[in-house]
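Me: I am new to this structure. Please take me through its features one at a time.

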Amino acid sequence: MITPKSSAFYNEPGIYTDEQAAAWKTTTEAVHKKGGKIFLQIWHGGRACPSEYNDGQQPVGPSAIPISHSYTSAMKGAQVPNDVPRALTDDEAQAIVKDFADAAKRAISAGFDGVEVH
């Protein structure tokens, strides 16, 4: 996750704080110690973010059109309909672009060899 309350999965890890970046160093150092390379996929879940995984916050997207199929709730153990997202404002969209840039910088500082934007 690139920002709080943008998780499409239950207990999804993030890279939006300096503390999270520091914690990722354990993983990146272990991979590099074995001679490997490691990339971090960064993303914002958008309209796929269930409110139940994001402290009740309504998901956001380009429009107020929900995903048509249901998802399996990790918290309820059942299929549930997706929330109706709230359309982003232009300013909010620009803030998310900045969140991606900030997350990419943190990923590099955490020792990742690169990032994949999803």
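Reply: Start with Lys98. Lys98 is exposed, at a relative accessible area of 52%. The scale runs from buried (under 20% relative accessible area) through partly exposed to exposed (over 50%), using a 1.4 Å probe and protein chains only. A caution comes with every value: this is a predicted model, where local features need pLDDT of at least 70 and side-chain atom pairs count only at pLDDT 80 or more, while totals for chains, interfaces and linings use all residues. Residues are numbered from 1 along each chain as its sequence is written, and side-chain values use heavy atoms, leaving out hydrogens and water.

Me: Which residue forms a salt bridge with Lys98?

Reply: The idea first: a side-chain nitrogen of Lys or Arg lies within 4 Å of a carboxyl oxygen of Asp or Glu. Here the partner is Asp102, with the closest N and O atoms 2.7 Å apart. Asp102 is partly exposed, at 23%.

Me: Where do Asp102 and Lys98 lie?

Reply: Both sit in helix H2, residues 90-109. They are four residues apart, about one turn of the helix. Helices (H or I, at least four residues) and strands (E, at least two) are DSSP runs, numbered from the N terminus.

Me: How many salt bridges does the structure hold?

Reply: Four. Another one joins Arg86 and Glu92, with their closest N and O atoms 3.0 Å apart. Arg86 is partly exposed at 33%. Glu92 is partly exposed too, at 27%.

Me: Which residue pairs with Lys5?

Reply: Asp55 does, and the closest N and O atoms are 3.5 Å apart. Now look at where the two partners sit. Lys5 is in the segment before helix H1 (18-33), and Asp55 is in the loop between strand S1 (39-42) and strand S2 (60-61), so the bridge ties together parts 50 residues apart in sequence.

Me: Is Asp55 buried or exposed?

Reply: Asp55 is exposed, with 67% relative accessibility.

Me: What should I notice about the backbone of Lys5?

Reply: Look at phi. Most residues other than glycine have a negative phi. Lys5 has a positive phi, near 60°, and is a residue other than glycine.

Me: Where is Asn11, and what is its phi?

Reply: Asn11 is found in the segment before H1. Its phi is positive, about 60°, although it is not a glycine. Asn11 is exposed, at 66%.

Me: Now the inside. Which residues touch the most other members of the largest nonpolar core?

Reply: In soluble globular proteins, nonpolar side chains tend to be buried together. A nonpolar core is a set of buried Ala, Val, Leu, Ile, Met, Phe, Trp, Tyr and Cys residues joined through side-chain atoms within 4.5 Å. The largest one here has 14 residues, and Ile2, Ile15, Trp24, Leu40, Ile42 and Phe112 touch the most other members.

Me: Which elements each supply at least two residues of this core?

Reply: H1, S1 and H2 do. The largest share, five residues, comes from H2.
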